[in-house]
Amino acid sequence: MRRRALDRKMSSMDLVSSPLDEFLASFGVVDEEQLQSVKASRIFYTEGKSKNGNTVCYYVARKFRPEVEQHSEQLLYFILLTLRSVFTRPWELVIDLTEARRANAPKVDYLSKLLRVVPPTAGDTLAAVYLYKCNTWTKQYLKHCERLLSSLRGSKKIIFIESLAKLEEFIEPSSLKLPASTLAHEETTRVFTNVAFSNVAKVSLRSLTV
């Protein structure tokens, strides 16, 4: 029954997605070299499948530079162009927040523009959003955009992920396509935590034997 409802929505996609088509058309002739440069930056990309067999998209927050206006517009165009070929079927989104900070925050009007032109179909077929390594700044930013993101409040699609092991519950390690720098950070954090725990344990044992 749910599948039929989704098929009906997909059949009317031309009407629903017209704001997206108009937005993409507003860019006119796009410089292919610049588009390839945005793609190569790997801020946003699609790669691999989840355990449910869904296409997985990745957004790496720390790579975004909102102060460069041209960079922002080109990225927005690339994201929307990519999503147009993705959201016809169930898909999942990993937002990598490792080492993200205020300097990487999209402006509210930028986020508003993105949400305004993405058709409702994209939200219907979005199976899950994984917020990986959500830090204090990210939580403050989400609160700042609370009104804009009100439709997502309480959604079971939003999943907070604190470790690689947890993310691998949803995406097989062999299919997981996080950046090498993110994986290196995870390993550094793991080693540091283990060393810190070991030192605490040694101190505790020493105090017991005194």
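The model is predicted, so local features need pLDDT of at least 70, side-chain atom pairs count only at pLDDT 80 or more, and totals for chains, interfaces and linings use all residues. Residues are numbered from 1 along each chain as its sequence is written, and side-chain values use heavy atoms, with hydrogens and water left out.

The chain contains ten helices and five strands. Helices (H or I, at least four residues) and strands (E, at least two) are DSSP runs, numbered from the N terminus. The chain has 210 residues, and 38% of them count as buried. Buried means under 20% relative accessible area, exposed means over 50%, and partly exposed lies in between (1.4 Å probe, protein chains only). The accessible surface is about 12900 Å². Carbon and sulfur atoms hold 57% of that surface. Accessible areas come from the Shrake-Rupley method with a 1.4 Å probe; for residues, only the protein chains shown count as cover.

Contacts (heavy atoms within 4.5 Å) were also counted by distance along the sequence. Among those between residues at least 6 apart, 82% join residues at least 24 apart.

Two loop residues other than glycine have a positive phi. R42 sits in the loop between α4 (32-41) and β1 (44-49). The phi of R42 is near 60°. R42 counts as partly exposed, because its relative accessibility is 32%. K133 lies in the loop between β4 (126-132) and α8 (136-144). The phi of K133 is near 65°, again a positive value in a residue other than glycine. K133 is buried, with a relative accessible area of 18%.
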